[in-house]
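Colleague: Please take one part of this model and go through it closely. I would like its packing and its charged pairs, with the cut-offs given as you go.

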Amino acid sequence: MEEFEQEEGISLVSIIKVMFRRKLLLLCVTIGVGLVLTIAILFGYNKIKTNYSAEFTYSEPNLMEGKYADGASFNYNSLITKANLLEIKNSNDKFKSVNVDKLLDNNAISINAKYTETEEPKLISYTINVSSKYFSSNNQAKEFVKSIVETATRINSDKILHLKFSNYFESYDAANTLDLKLNYLKKQYELINKQYLDLIELYSNYVLESSSKSLMSYYLSFSSTFFLTDYSVDTLYSNLLNKVYILDYDTRKDEYEDHARTYKALYETNQKKINEYKKIITDLLAALPASKKDSLDISVYNAEISKAVLENIDYEKMVEYYNNVLLIDTTDPNYDSFNKESHDFEKELDSSKNKLQEQTDIFEDLYIEVLNDNNNAYYLNSNVIKENGNIKTPIAIIASLALGFVIGCVVNLVLDYNKLSETPKKKEETKE
């Protein structure tokens, strides 16, 4: 009971005096413990608990839409496959210490995509997360993550360099009839025209550094060449049909008879398809009450009908063309002159083909330049990676010194505990 009363008599001032009595010891303990704890936090706890994250986007729209420039699928999970990580590790000596197997086995690396929160989600960015304990330094992790991200741009760059848009020229050279040659010219023109429009939709009126000319300027030059001049595919097509040009009719009449039958069969098949789809639509509508007819989705059938109708417009023209071809009389005195005109027309096609080849080459060059200029990765953090889950250095130092100070005070109290009990005794003696 006496001891309890004695302890209750210890004043706060006495405790503080004892805690600070050995100032040098308090300072040494505070600094020593603070240093040890700071090192333990920064190089122990943080090494285990820190997670690096890198949020990034690609400026090349195709990559943000899940495909490469050539249309091949781009799956962002392919960036962190074992094969790719090993390739990155082996590409640079500074990555030798990275243990790819442990990184994957312990699920220490992941990638995800962020989308807009709308009815039609749109990709905003990708994020790579990786544990810091598998890297020797922040800089090594940063460079490794950059290499992962830029895998896609490296692959895309290689695909861009190998892109070709001369798809139909070989077919043109192999074709042995004027209508086929013209058909391939038309398809080649439509291909380049569509590619221009797609590129303008993606990059708007982009100005090329090499020429200081805009995409629209190039497109107008291309379209005017094949709409307003003798190279016009439509003009050549009209001349073919109206003047019934044909090559070597006298030696290939049987072949042209086959062509006539083929186009007629294609036309009839399409006409049958059109009638069948129309009947399906009629039957579906008849089976529904009036209140539900407007909600019936027949867009698929209408699309097929529209496609068949457009094809039949061309087939009908070719049926008429070959019917006219089969009326040619090789005994007519004017036949030799007509035959020469047909070969001259072939030369016109060749000239148009050469001009179209020039325009195709121009487009290929500008396409490669535009895509390469925009084939980059951009990071939302200026340092590429951001540290998460760690204790920041200033906080670690302050917290460690604070704990060291507390421990130093406790050490002083333990060592000089008897000094706390001296003061009450003296007071008691004085009272007696």
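Modeller: An axis here is a line fitted to C-alpha atoms, for helices over the stretch in contact, and angles run from 0 to 180 degrees between N-to-C directions. This is a predicted model, in which local features need pLDDT of at least 70, side-chain atom pairs count only at pLDDT 80 or more, and totals for chains, interfaces and linings use all residues. Residues are numbered from 1 along each chain as its sequence is written, and side-chain values use heavy atoms, with hydrogens and water left out.

The part I take is helix α13, residues 249-287 (helices are DSSP runs of H or I, at least four residues, numbered from the N terminus). Its partner is helix α15, residues 299-325: the two axes come within 8 Å and cross at roughly 155°. That makes α13 roughly antiparallel to α15 (angles over 145 degrees). The crossing of the two helices, α13 and α15, is left-handed (the near helix is turned anticlockwise from the far one by less than a right angle). Sorted by class, the α13 contact with α15 has 20 nonpolar, five polar and six charged residues.

The structure as a whole holds 13 salt bridges.

Conventions:
Angles under 35 degrees count as roughly parallel, over 145 as roughly antiparallel, 65 to 115 as roughly perpendicular and the rest as oblique. Ala, Val, Leu, Ile, Met, Phe, Trp, Tyr, Cys and Pro count as nonpolar, Asp, Glu, Lys and Arg as charged, and the others, Gly among them, as polar. A salt bridge is a side-chain nitrogen of Lys or Arg within 4 Å of a carboxyl oxygen of Asp or Glu.
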